[in-house]
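Here are a few friendly notes to read alongside the structure. Keep the viewer open and look up each residue as you go.

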Amino acid sequence: MLIGKAQPEDMVLHPIRYPWAYDLYNQAVRNTWFPHEIALKEDLDDWAKMTEDERHAVKFLMAFFNPAELIVNRSIALGMYPYIKAPEAHLYLAKVMWEEANHCVAFEYVLETFPLDRAKVFSTHLETPSMKAKEEYVFKYLRRMTETILDIETVEGKKDFVRNLVATNIVMEGIWFYSGFMVALSFRQRNQLRNFGSMITWVLRDESLHLKFGINLVHTALEENPELLTPEFANEIRDIIIEGVERETAYNKDLFPRGILGLNADYVNQYVQYVTDRRLEELGLPKHYNAKNPAKWMSTATDVFELVNFFEAQNTSYEVDGHASSSTKAKPVEVAKEAE
Ligand SMILES: [Fe+2]
Ligand SMILES: [Fe+2]
């Protein structure tokens, strides 16, 4: 069993029961990167030429992402790690937690480099109702992780585990983050902030694996605990996701009060709906919005193709220790397929 109370026999890596988790660990190690590898200062010329609305969008993104990385780290430490038995999954989660720390520091580097009012950026998430509403949504689950005891051996405990996972991994990392990445990468599409775009691509590459892990975890938890597979619980999961989308929709209106060249709240929200349909399908649920991808260019954004078949990806200059073997030749589940 993947979720449950860890026993002494769970303390050795072999036999590996969930090769996909070990493969993710190996791929994540190969994806290791450091923020200062990117020469962000080169983007300062672009910054000087950008409009106030464009700068607002970047500041707003930073204001959301900065705390978000730390919130996600807490949710992994409190809501995922303690209830997972498999050591190969623990190995991967240890790397994920470093990655979230690395993302936080990467955004810190952005805040240090661009001429921003840091105090204002840091306080935005406390003062902007639509951003607060997103955080409150996640904090509802985070509070449950810290303030109540979840008995993972019971059906209700397992359901809470899945609910927490859907809110933090599928909604926050798998929908909200993708919405933000699309906006951030749209600048590079217009030949602006290209180095910032490279940084976002690396963050996106990490996040696509975090999402893949989360989706595999939900599937495995449901397969191994068929008592969770009821229509009511499926509806509940869908409702958690839809509520997250509603909060994202309001937030994107504040992100783009007027819209910027080629991008406005409706465009971003259509992308959010498209991504949400993908997530619902990846979880085995029907589509809800039937939205078309308005940002087809995301498919051609540099490096995103790597996300499609990452187990088969050729070594690139971005990969560290690229010859390390993975445990199996697992068939990739195409989770992060925004590249279509
Ligand atoms: Fe992250
Ligand atoms: Fe993440």
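1. In which helix is Thr 220 found? Look in helix H8, and you will find Thr 220 there. Please keep in mind that this is a predicted model.

2. Next, is Thr 220 buried or exposed? Its relative accessible area is 9%, and buried means under 20%, so Thr 220 counts as buried. Leaving aside residues up to four places away in sequence, Thr 220 touches Leu 2, Tyr 18 and Trp 20.

3. Now step back to the whole chain. The secondary structure comes to ten helices and zero strands. If you read along the sequence, the pattern is α-α-α-α-α-α-α-α-α-α. The protein chain has 340 residues, and buried residues make up 59% of them. Among contacts with a separation of 6 or more, 81% are between residues 24 or more positions apart.

4. H5 covers residues 118-127 and H6 covers residues 129-147. Their axes come within 6 Å and cross at roughly 70 degrees. Angles of 65 to 115 degrees count as roughly perpendicular, and H5 and H6 are therefore roughly perpendicular to each other.

5. Which residues of H5 and H6 meet? From H5 come Thr 124, His 125, Leu 126 and Glu 127, and from H6 come Pro 129, Met 131, Lys 132 and Glu 135. The residues of this contact divide into three nonpolar, two polar and three charged.

6. Finally, some empty space. Rolling a probe the size of a water molecule over the atoms shows where empty space is left. A search of the whole structure finds two cavities of 30 Å³ or more. The second largest cavity holds about 50 Å³ of space.

7. What lines the second largest cavity? The lining is made of Ile 76, Met 80, Tyr 92, Leu 93, Val 96, Glu 100, Asn 169, Glu 173, His 210 and Phe 213. The elements that give two or more residues to this lining are helix H3 (52-80), helix H4 (87-113), helix H7 (155-189) and helix H8 (194-224). H4 gives the most, with four residues. By type, the lining of the second largest cavity divides into six nonpolar, two polar and two charged residues.

Terms used
Residues numbered from 1 in each chain as written. Chains lettered and ligands numbered in written order. Predicted model: local features only at pLDDT ≥ 70, side-chain atom pairs only at ≥ 80, totals over all residues. Heavy atoms only, no water. Axes fitted to C-alpha atoms, helices over the stretch in contact; angles between N-to-C directions. Parallel < 35°, antiparallel > 145°, perpendicular 65-115°, else oblique. Contact = heavy atoms within 4.5 Å. Nonpolar A, V, L, I, M, F, W, Y, C, P; charged D, E, K, R; others polar. 1 Å grid on protein atoms, 1.4 Å probe; cavity = no way out; pocket = protein on both sides within 12 Å on 5 of 7 lines; lining within 4 Å. Points joined across faces, edges and corners; volume = space filled by probe spheres on them. Buried < 20%, exposed > 50% of the residue type's maximum accessible area, 1.4 Å probe, protein only.
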